[in-house]
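Dear colleague,

Please find below the structure I am handing over to you, with its sequence. My findings follow directly after it.

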Amino acid sequence: MSPCKRCAPLKVLTKEEVPGGVGNLYKEFTSVTPDETGMCSKKTFVCNGNGVQISLGELDIVDGEPPDNMLDMMVTMEVTCKMDGTGWVYKFGAEDIPVTQTFCIIGP
C-alpha cells in the first residue's frame, strides 16, 4: 500500500481547544468525507451556516458567500495525504499548505 494511503488522522479541534478566544463561535463540521479511490487519501470537510469559515490555524478558508449576505453559506475544504504519507496538505493556488489541525467557526 502506498504511503499516501496511510496518513495519520487529521486533528479536528473541539470547542475547548479552539485558539484565540473564538470558542464561542465554534461549530461542528456538517460533514467529513474520506475518499480512498485515488492515488492518495483525501478528506473533504464541509461547514454550513451563517458566515462560516474553516480555519487551518494560519489560513482561514471562506468561500461560497452569497453576494448580498452571509446567510446559509457552505464552505468546503479538501485535504490530500502527502505522497510520503507524513501529513495532510490543502492546495491553495499552486501552494501546498500543511494541515495538522482544523475547525469550523461561524461569523459573529
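Lys91 is exposed, with a relative accessible area of 52%. In this predicted model, the side chain of Lys91 forms a salt bridge with that of Asp96, at 3.3 Å from N to O. Asp96 itself counts as partly exposed, at 43% relative accessibility.

The whole structure holds 3 salt bridges. Another of them links the side chains of Glu78 and Lys42, with an N to O distance of 3.7 Å. Because Glu78 belongs to strand β7 and Lys42 to strand β4, this pair ties together parts that are 36 residues apart in sequence. Both partners are partly exposed: Glu78 has 39% relative accessibility, and Lys42 has a relative accessible area of 29%. There is also a salt bridge between Glu17 and Lys11, whose closest N and O atoms are 3.1 Å apart. Here Glu17 is partly exposed at 36%, and Lys11 is partly exposed at 37%.

Turning to the cysteines, the count comes to 3 disulfides. With the bonded cysteines numbered in sequence order, they pair as 1-3, 2-5, 4-6.

- Cys4 and Cys40 are joined with an S to S distance of 2.0 Å, and this link is left-handed, with -80° about the S-S bond. Cys4 sits in the segment before β1 (11-12) and Cys40 in the loop between β3 and β4, 36 residues apart. Cys4 is buried, at 0% relative accessible area, and Cys40 counts as buried at 10%.
- Cys7 and Cys81 form a disulfide with their sulfur atoms 1.9 Å apart. The torsion about its S-S bond is about 85°, so this disulfide is right-handed. It links distant parts of the chain, with Cys7 in the segment before β1 and Cys81 in strand β7, 74 residues apart. Cys7 and Cys81 are buried.
- Cys47 and Cys104 are joined at 1.5 Å from S to S. The torsion here is about -55°, so the disulfide is left-handed. Cys47 lies in strand β4 and Cys104 in strand β10 (residues 101-105), 57 residues apart.

Cys47 has a relative accessible area of 0% and is therefore buried. Leaving out residues up to four places away in sequence, Cys47 touches Lys27, Phe29, Thr30, Val52, Ile54, Met73, Met74, Val75 and Cys104. Of these contacts, Lys27 is 20 residues from Cys47 in sequence, while their C-alpha atoms are 8.0 Å apart.

The strand that carries Cys47, β4, pairs with β3 (residues 31-35) in the antiparallel sense over 5 bridges. A hairpin of 6 residues connects β3 to β4, and Ser31 stands opposite Val46 in β4.

As for nonpolar packing, the largest core has 22 residues, of which Ile54, Leu56, Met77, Val79 and Tyr90 touch the most other members. At least two residues of this core come from each of β4 (42-49), β7 (73-81), β8 (88-92) and β9 (95-99). The largest share, 5 residues, is supplied by β7. Apart from this core lies another, of 5 residues, including Leu13, Val18, Leu25 and Phe103.

Which residues does Val79 contact, leaving aside its neighbours within four places in sequence? Val79 is in contact with Leu10, Ser41, Lys42, Lys43, Phe45, Trp88, Val89, Tyr90 and Val99. Lys42 in this set is also the salt-bridge partner of Glu78.

Yours sincerely

Key: Residues numbered from 1 in each chain as written. Predicted model: local features only at pLDDT ≥ 70, side-chain atom pairs only at ≥ 80, totals over all residues. Heavy atoms only, no water. Core = buried A, V, L, I, M, F, W, Y, C linked by side-chain atoms within 4.5 Å. Buried < 20%, exposed > 50% of the residue type's maximum accessible area, 1.4 Å probe, protein only. Helix = DSSP H or I, 4+ residues; strand = E, 2+ residues; numbered from the N terminus. Contact = heavy atoms within 4.5 Å. Pairing = 2+ DSSP bridges. Salt bridge = Lys/Arg side-chain N within 4 Å of Asp/Glu carboxyl O. Disulfide = S-S within 2.5 Å.
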